[in-house]
Amino acid sequence: MKKRLNVISLLFLLLFFSYCGKEDKQQIEPQGSSVHAALAEIDSLMWRQPDSAFALLLQFVGSPEADGLDTYNGHYCQLLISELLYKNDCEQTNRQDLQKAVTYFDSIMQVPEPAVPEAPRRVEGPSFKRNVFLTARAYYINGVGYYERDSLVEACAEYLKALETMEEHHEEQELVGKKAQFMTYIYNRLGDMFKEQLLAEPAIACYKQALFYCRREPTSKYGIPVLLYNLGIQYDIVDQTDSAALYYDEALANMPDFDNLHYRDLVSNKAIFAFYNSDYSSDSVIKILKQLVTLSEDEKERTTRLLTLGQILFEDKQFDSSRVYLETLFEQEEEDITSQLMAAECLSSIYKMEGDSVKAHKYASFLAGFTMSEIEKKKEVSRINEMFKNHLAQKQEKQAEVNREKAIKKVIKIIIPIVVVIVVVIVAMAKTRSKKLLRQQQEKAERKLGEAEQQHRMEQAAISGRLKRSNQEVRELKDQIKKMDDLAAKTEMAASFNEEPICRLIMERVHEGQFKSKIDCELYKTYALDKQQMLDLRVAADRHFSQFTLRLRKAYPKLTSIDIDYCCLYLLNLTYADVSALMQRAYNTVVERDGKIQKIIGSEKPLPVLLMDIAQNPSSV
């Protein structure tokens with residue numbers, strides 16, 4: 001890697017000297033200035049194969065052709081260098097040249113290409129829309145450079161400039177293809193930054209926007225599942241467990257393969273989520289995390305897995321085991337300050353409880369050394385949070401202004417025809433009135449008589465029309481009553497709860513499976529109930545037992561969604577082995593949950609008997 005970086009730096013240095021040898025033109029290039037074909041080819045390839053594009057760029061930069069670039073293409077080249085360094089996990093080495101490119105693209109974006117109808121279209125010329133896209137990319141990659149130097153506030157400002165540039169100059173329907181991918185990159189970077197600073201609310205907002213654009217134009221085969229996984233993490237942080245579980249499951253369903261870091265991260269987080277939400281036993285969770293340690297591909301991943309395992313063991317009060325993993329992590333040669341801080345916090349607590357003041361002081365001292373830097377970091381976190389809120393407020397204000405303009409135009413379109421009609425009517429009425437004034441008295445009398453007869457006919461017609469409308473309304477009302485009667489006949493419920501289709505289906509599976517408690521539940525996987533079937537069972541229970549599930553939730557709010565599913569199954573008087581097979585949970589897990597539900601409800605009666613009493617007696621809860 002060091003050799004590679006040295007080669008890159010040398011090539012960039014050659015380009016820098018050749019570029020500085022030319023006259024430093026700061027003025028805007030003529031609109032007819034063409035985009036260099038080689039740079040356009042590298043740019044196009046970058047969105048699909050960044051490693052191949054990087055190799056092509058290195059070849060171009062070292063060629064004599066790079067010496068003859070004009071101002072526009074020179075800055076374009078520097079932008080591509082920065083983007084490809086980032087996409088190939090290299091440090092940004094052309095920082096000053098990039099910032100010159102940012103200033104340049106910002107200046108040419110302010111001067112759109114004039115529309116000249118009689119002039120032929122210049123296909124090779126950089127259009128205004130292209131300049132907007134390049135300017136936004138320059139802001140974005142400049143923000144990446146700031147972030148690499150731990151300048152969070154400056155990085156956030158550049159990311160927001162990139163967003164505002166794209167949203168201000170492009171309609172929503174134009175953000176497709178590369179532009180949609182680029183919007184995904186910006187929102188994802190913002191989401192990652194807010195996630196690292198523990199700002200869940202703005203992180204969720206950014207990840208949702210990134211997911212929207214990634215579904216429009218995927219950035220990679222892992223783009224969508226990773227965004228879903230990140231949303232699950234953020235909802236987990238804010239204790240919205242239902243949403244977290246939904247996003248975790250959706251991420252797993254969208255994962256294209258299972259031999260990758262993203263999948264292992266997802267499995268790790270799902271196990272931790274299950275640990276804190278009592279879906280798995282602690283032994284099962286720890287077993288999964290230990291296996292992930294063995295599957296780690298490099299030292300960085302192994303560090304993460306050790307930290308996770310050590311913290312879970314700490315939470316499970318297995319302090320001796322936790323200490324082994326956390327001390328291994330803390331003492332490793334390759335430093336990872338964030339992981340060491342988290343490990344030190346747990347180790348300090350463990351040694352305090354054990355009364356070993358020397359070791360407790362060692363880890364407490366390590367933590368104290370980072371206190372001031374954390375305080376400074378919190379100041380930056382507060383600023384970037386405020387910046388994002390201001391961005392959202394300005395965006396909403398602009399959208400409101402656009403909506404107001406559209407509403408005004410719509411009203412104008414409606415009002416103008418009405419005004420024209422009114423003017424025509426007034427003119428016609430004025431002419432008619434002048435003619436009436438010229439008529440003689442006899443003609444007036446005859447006209448009045450005619451008007452009286454006409455008025456009589458109109459009244460008769462109005463009465464007839466009202467009668468017709470009344471008869472039509474009666475017919476329509478009868479049709480509605482008939483439809484409602486037909487609908488009621490179709491939705492008639494079964495004679496008893498056990499006769500419901502879903503209940504019959506469950507009992508057929510129980511009878512067919514003959515489930516045993518000592519057999520692994522995974523062998524009964526074909527008999528498992530899916531989410532729709534569990535929902536059908538809830539609906540049947542609510543229909544037959546006076547909103548059974550709603551009453552349970554209201555009376556016992558500590559019951560989880562999965563607890564309610566178990567309660568509905570127990571209404572069918574099923575055994576632990578039956579529930580284990582149908583829910584695909586270990587037999588011991590089912591027994592533990594039985595005890596948990598009994599404890600929450602506060603009764604020692606057998607659970608099927610207890611739940612049937614509650615179901616049949618609404619007043620009991």
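The structure is a predicted model, in which local features need pLDDT of at least 70 and side-chain atom pairs count only at pLDDT 80 or more, while totals for chains, interfaces and linings use all residues. Residues are numbered from 1 along each chain as its sequence is written, and side-chain values use heavy atoms, with hydrogens and water left out.

The secondary structure of the chain consists of 26 helices and zero strands, where helices (H or I, at least four residues) and strands (E, at least two) are DSSP runs numbered from the N terminus. Of its 621 residues, 39% count as buried; buried means under 20% relative accessible area, exposed means over 50%, and partly exposed covers what lies in between, with a 1.4 Å probe and protein chains only. Among contacts between residues at least 6 apart in sequence, 64% join residues at least 24 apart, a contact being heavy atoms within 4.5 Å.

In soluble globular proteins, nonpolar side chains tend to be buried together. The largest nonpolar core of this model has 83 residues, a core being a set of buried Ala, Val, Leu, Ile, Met, Phe, Trp, Tyr and Cys residues joined through side-chain atoms within 4.5 Å. The residues with the most contacts inside this core include Phe-105, Tyr-159, Phe-182 and Phe-194. Leaving aside neighbours within four places in sequence, Phe-105 is in contact with Tyr-72, His-75, Tyr-76, Leu-79, Leu-134, Thr-135 and Ala-138.

Two packed helices are described by the angle between their axes and the distance between the axes. Helix H6 (residues 128-148) and helix H7 (residues 152-169) pack at an angle of about 165 degrees, with their axes 7 Å apart; such axes are lines fitted to C-alpha atoms, for helices over the stretch in contact, and the angles run from 0 to 180 degrees between N-to-C directions. H6 and H7 are therefore roughly antiparallel to each other, given that angles over 145 degrees count as roughly antiparallel, under 35 as roughly parallel, 65 to 115 as roughly perpendicular and the rest as oblique. H6 passes H7 in a left-handed crossing, a term used if the near helix is turned anticlockwise from the far one by less than a right angle, whereas clockwise makes a crossing right-handed. Residues of H6 that take part in the contact include Phe-128, Val-132, Ala-136 and Tyr-147, and those of H7 include Leu-152, Tyr-159, Ala-162 and His-169. By class, this contact of H6 with H7 has 14 nonpolar, four polar and four charged residues, where Ala, Val, Leu, Ile, Met, Phe, Trp, Tyr, Cys and Pro count as nonpolar, Asp, Glu, Lys and Arg as charged, and the others, Gly among them, as polar.

A further pair is formed by helix H11 (residues 241-254) and helix H12 (residues 261-276), whose axes come within 11 Å and cross at roughly 150 degrees. That angle makes H11 roughly antiparallel to H12, and the crossing of H11 and H12 is left-handed. On the H11 side the contact includes Ala-244, Tyr-248 and Leu-252, and on the H12 side Tyr-263, Leu-266 and Phe-273. The residues of the contact of H11 with H12 divide into eight nonpolar, two polar and two charged.

Several single residues complete the picture. Glu-83, in helix H4 (residues 71-87), is buried, with a relative accessible area of 5%, and beyond residues up to four places away in sequence Glu-83 touches Met-46, Arg-137 and Ile-141. Asn-230, in helix H10 (residues 223-237), is buried at a relative accessible area of 4% and, with residues up to four places away again not counted, touches Asp-192, Lys-195 and Tyr-207. Met-612 lies in helix H26 (residues 607-616) and counts as partly exposed at 21% relative accessibility; Met-612 and Leu-572 are 40 residues apart in sequence and 9.0 Å apart in space, C-alpha to C-alpha.

Most residues other than glycine have a negative phi, and most peptide bonds are trans. Asp-89, however, has a phi near 60 degrees; Asp-89 is found in the loop between H4 and helix H5 (95-109) and is exposed, with a relative accessible area of 66%. Gln-547 also has a positive phi, of about 55 degrees, and its place is in the loop between helix H21 (531-544) and helix H22 (548-555), where Gln-547 counts as partly exposed at 39% relative accessibility.
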